[in-house]
Amino acid sequence: MKKIFFTLVLAFVAVLGVQAQSVTGKWKTIDDETGKPKSIVEIYEQNGKLFGKVVEILTDKKEAKCDKCPGADKGKPIKGLTIIKGLKKDGSSYSGGTIIDPNSGKEYKCAIKLNGSEKLDVRGYVGIQALGRTQTWIRVK
């Protein structure tokens, strides 16, 4: 009986450890200029790729639309908008997809990587990763 209990406890701890190291979940974005929380983005996996959707807006612009976004996203509400699309696992990070800046409507190549278990480095870039900018998002508990 003790062996079964011990095995179950170990399995539970292992699952928690793996889950804590996952990039999926909800992340708080921070405004570069003000340093204040801006939105909550939920990162999820679909068909082996990662996507990120704005699930909550934390500023007074809760009804804002993506008027400058390209294609089918043009004019859509920012809340509910999928801003990260098609990232694939690349070693300890994810890359190969895109991210849209809803304020400017510009689309960038994107790479994300965990920075500890509670922070996510999100890099948008043009061409090569060296020509980009990184934001650090904070895990929502």
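Buried means under 20% relative accessible area, exposed over 50%, and partly exposed in between, with a 1.4 Å probe and protein chains only. The model is a predicted one, so to speak of local features takes a pLDDT of at least 70, side-chain atom pairs count only at pLDDT 80 or more, and totals for chains, interfaces and linings use all residues. Residues are numbered from 1 along each chain as its sequence is written, and side-chain values use heavy atoms, with hydrogens and water left out.

Confidence comes next. The pLDDT is the predictor's confidence in each residue, from 0 to 100, and the protein chain averages 88, with 86% of the residues scoring at least 70. Helices (H or I, at least four residues) and strands (E, at least two) are DSSP runs, numbered from the N terminus.

Side chains of opposite charge can pair when their charged atoms come close. A salt bridge here is a side-chain nitrogen of Lys or Arg within 4 Å of a carboxyl oxygen of Asp or Glu, and the count comes to five. In one of them, Asp 32 pairs with Arg 133, the closest N and O atoms being 3.0 Å apart. That pair links distant parts of the chain, 101 residues apart: Asp 32 sits in the loop between strand S1 (25-30) and S2, and Arg 133 in strand S8. Asp 32 is partly exposed, with a relative accessible area of 45%.

Glu 118 forms a salt bridge with Lys 141, with 3.9 Å between the closest N and O atoms. Here too distant parts of the chain are linked, Glu 118 being in the loop between strand S6 (107-114) and S7 and Lys 141 in the segment after S8, 23 residues apart. Glu 118 is partly exposed at 30% relative accessibility. Salt bridges that share partners also join Asp 73, Lys 76 and Lys 85 into one network. Within it, the closest N and O atoms of Lys 76 and Asp 73 are 3.8 Å apart; Lys 76 is partly exposed at 39%, whereas Asp 73 is buried at 10%.

As for open space, a pocket is found on a 1 Å grid over the protein atoms alone, as an open set of points where a 1.4 Å probe fits, with protein on both sides within 12 Å along at least five of seven lines; lining residues have an atom within 4 Å of a point. The largest pocket holds about 910 Å³ of space. Of its 33 lining residues, the closest to the centre are Lys 38, Asp 101, Pro 102, Asn 103 and Gln 135. Two or more lining residues come from each of strands S2 (37-46), S3 (49-57), S5 (93-100), S7 (119-125) and S8 (132-139).

Ser 93 belongs to strand S5 and is buried, with a relative accessible area of 18%. Leaving aside residues up to four places away in sequence, Ser 93 touches Lys 88, Ile 112 and Lys 113.

Terms used: Grid points are joined across faces, edges and corners, and a volume is the space filled by probe spheres set on the points. Contact means heavy atoms within 4.5 Å.
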